[in-house]
Amino acid sequence: MGFGGDDSGKAIALAIGIGLQNMPEGLAVAVALLSLNYGRAQAFFVALLTGLAEPIGGLLGAGAVTIAQSLLPWGLAYAGGAMIFVISDEIIPETHRRGFENHGTVGLMIGLVVMMFLDVMLG
């Protein structure tokens, strides 16, 4: 997924991090196979084969990101709209049903200010 973006430096760092994380997983598979009386070479190659699923999935993911990159803003807008709908349709009426109108409104305003602050500071 990292290679679908524009920053290849971050993508390479992500790939290295995933590769480093895969080494202990492969070791765990190999050790488990050794405890089942597999030979060392056989355990090594089976562990190697289990790790090959990620590069293949990575290539498929990079292709999917490249194809779907133009659709990503629309998907995020849909998800954001769905979240706003849930808030306005379910959560806000629930806070106003039992006499917590002021608490609900103040909480909504504080949340909006915090999110706008984070958007400006981190964006």
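A compact globule of 123 residues would have a radius of gyration near 14 Å, whereas the protein chain has 24 Å; the radius is taken over C-alpha atoms, and the globule rule is 2.2 Å times the number of residues to the power 0.38. The model is predicted, with local features needing pLDDT of at least 70 and side-chain atom pairs counted only at pLDDT 80 or more, while totals for chains, interfaces and linings use all residues. Residues are numbered from 1 along each chain as its sequence is written, and side-chain values use heavy atoms, leaving out hydrogens and water.

Along its principal axes, the C-alpha trace of the protein chain spans about 70 × 35 × 25 Å. Of the 123 residues, 8% count as buried (buried means under 20% relative accessible area, exposed over 50%, and partly exposed in between, with a 1.4 Å probe and protein chains only). The protein chain holds 5 helices and 0 strands, in the sequence pattern α-α-α-α-α. Helices (H or I, at least four residues) and strands (E, at least two) are DSSP runs, numbered from the N terminus.

We can now turn to a pair of helices. The axes of helix 2 (residues 40-51) and helix 3 (residues 53-68) come within 4 Å and cross at roughly 15°. These axes are lines fitted to C-alpha atoms, for helices over the stretch in contact, with angles running from 0 to 180 degrees between N-to-C directions. Helix 2 and helix 3 are therefore roughly parallel to each other (angles under 35 degrees count as roughly parallel, over 145 as roughly antiparallel, 65 to 115 as roughly perpendicular and the rest as oblique). Leu 49, Thr 50 and Gly 51 of helix 2 make the contact with Ala 53, Glu 54 and Pro 55 of helix 3, where contact means heavy atoms within 4.5 Å.

Also in helix 3 is Ile 56, which is exposed at a relative accessible area of 53%. Ile 56 and Leu 27 lie 29 residues apart in sequence, with 20 Å between their C-alpha atoms.

Glu 94 belongs to helix 4 (residues 72-97) and is partly exposed, with a relative accessible area of 37%. The C-alpha atoms of Glu 94 and Gly 104, 10 residues apart along the chain, are separated by 9.1 Å.

At 1.5 Å a residue, the 22 residues of helix 5 (residues 101-122) should span 32 Å, and its end C-alpha atoms are 31 Å apart, which agrees; the expected span is 1.5 Å times one less than the number of residues. Of the 22 residues of helix 5, the number buried is 1, so this helix lies largely in the open.
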